[in-house]
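Take a look at the model below.

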Amino acid sequence: MKHILSRTAVATVLALSAGASHAAVKVGFMLPYSGTYAQLGEAIENGFKLYVQEQGGKLAGQEVQYFEVDDESNPSKGPENANRLIKRDQVDVLIGTVHSGVAMALAKAANDSDTTLIIPNAGAGAITGPLCSKTVVRSSFSNWQPGYAMGVVAADKGYKTAVTISWNYAAGKESTDGFKESFEKAGGKVVKHLTLPFPNVEFQPLLTEIASIKPDAVYTFFAGGGAVKFVQDYAAAGLKESIPLLGAGFLTDGTLKAQGESAQGLLTTLHYADSLNTERDNAFREAYTKNFPNLPPDVYAVQGYDAAQLLAAGLKAVNGDVTKKEELRDAMRSATIDSPRGTFKLSKAGDPIQDIYLREVKGEENVAVGVAVEALEDPARGCKL
Ligand code: BEZ
């Protein structure tokens, strides 16, 4: 069966009918389509296109034309890749990206060229902190949010000591810093922070170190292919039964089929879960699964879907006239988004203010077992908007 929303390597005009009041809105996806985050990029694009399809192939009555660049999760190529979309393709709106380091370059390029940017994943704190800008909003999260929420949960469980472990780049550092902040505020102590370079997966020496430290719990940030391997290795090292493994929800989102038994029972915190069982979420999951039968309706798909919803809110306010940039951006900032995760609004800095769920892995689902922190807002330290 051919999927209606299949991705193409070249620019695609979704619909070109007479009667649109303006030229098609040019949307540029800068996402990873290769490497450890490839599946995340694909899910984001799928989610975005699903929402557009649900609106009859248009956003606020406007045709949509898509452009794509594979950023390979490579920060050093970030400026060049961003300029492919901004200067060569002259897109109106950028949707990107997954990796925080690449997103830093993209946000700078968007700001310098006055191009509207919606970040559908990367949680880099600096983008909505010291570098915050009217040109940028997120449909996702800040790295701090799930980490902070899990620190609260870990302290509530009575854990006194923890080791944190992550890739050595902004997402890992900020996620584990968020955990440390709330965990230590509640009396816990992070006794060691272990790192390895992105996207390495040689976890064995670090797991040996964890076994010798014997903390009450381990908190981790990994995602995509690396998360699959970490969870498998943690279990294979015999640590799962003796030292509880906690994580930002990316550890087990979109990964459960591959992780299988090794992930069962793991607790994570995230702004989405598989079992919310709301009318809104059920409708999203049914539509996503129908269009993409081989992919789980995961958090990345939701973030892509909500990026399209944010853009639709902005376009509606300007009747599809993308040249009215300020009005479009203000409308996105004041929108209420009817997300599969639950409705949310953006903070002044442009981050979703949202509930962070506590989830437990059961079978192939991250089942919500509660809300770890309600309506959590990133502190956006250093933002002067
Ligand atoms: C990040 O780099 O910000 C990131 C990547 C994957 C999942 C979550 C965050």
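Which residues in α9 meet which residues in α10? The model is predicted, so the answer is read from computed coordinates. On the α9 side, the residues are Arg-280, Phe-284 and Tyr-288. On the α10 side, they are Ala-301, Val-302, Tyr-305 and Gln-309.

Now the geometry of the pair. Helix α9 covers residues 279-291, and helix α10 covers residues 299-317. Their axes come within 12 Å. They cross at roughly 105°. Angles of 65 to 115 degrees count as roughly perpendicular, and α9 and α10 are therefore roughly perpendicular to each other.

Next, step back to the chain. It is divided into two parts, domain 1 and domain 2. Domain 1 is made of 12-141 and 276-346. Domain 2 is made of 144-270 and 357-376. Between the C-alpha centres of the two domains lie 28 Å. Domain 1 brings 21 residues to the contact, and domain 2 brings 20 residues.

How much area do domain 1 and domain 2 bury between them? The size of an interface is often given as the accessible area lost when the parts come together. Here the figure is about 1400 Å². Carbon and sulfur atoms account for 59% of it. On the domain 1 side, Thr-36, Tyr-37 and Phe-141 stand out: they supply 34% of the area that domain 1 buries against domain 2, more than any other three residues. What of charge pairing across the domains? The count of salt bridges between domain 1 and domain 2 is zero.

Technical notes. Residues are numbered from 1 along each chain as its sequence is written. This is a predicted model: local features need pLDDT of at least 70, side-chain atom pairs count only at pLDDT 80 or more; totals for chains, interfaces and linings use all residues. Side-chain values use heavy atoms; hydrogens and water are left out. Axes are lines fitted to C-alpha atoms, for helices over the stretch in contact, and angles run from 0 to 180 degrees between N-to-C directions. Helices (H or I, at least four residues) and strands (E, at least two) are DSSP runs, numbered from the N terminus. Angles under 35 degrees count as roughly parallel, over 145 as roughly antiparallel, 65 to 115 as roughly perpendicular and the rest as oblique. Contact means heavy atoms within 4.5 Å. Domain bounds come from an automatic or database domain assignment. Buried area is the accessible area (1.4 Å probe) that two parts lose on being put together, summed over both. A salt bridge is a side-chain nitrogen of Lys or Arg within 4 Å of a carboxyl oxygen of Asp or Glu.
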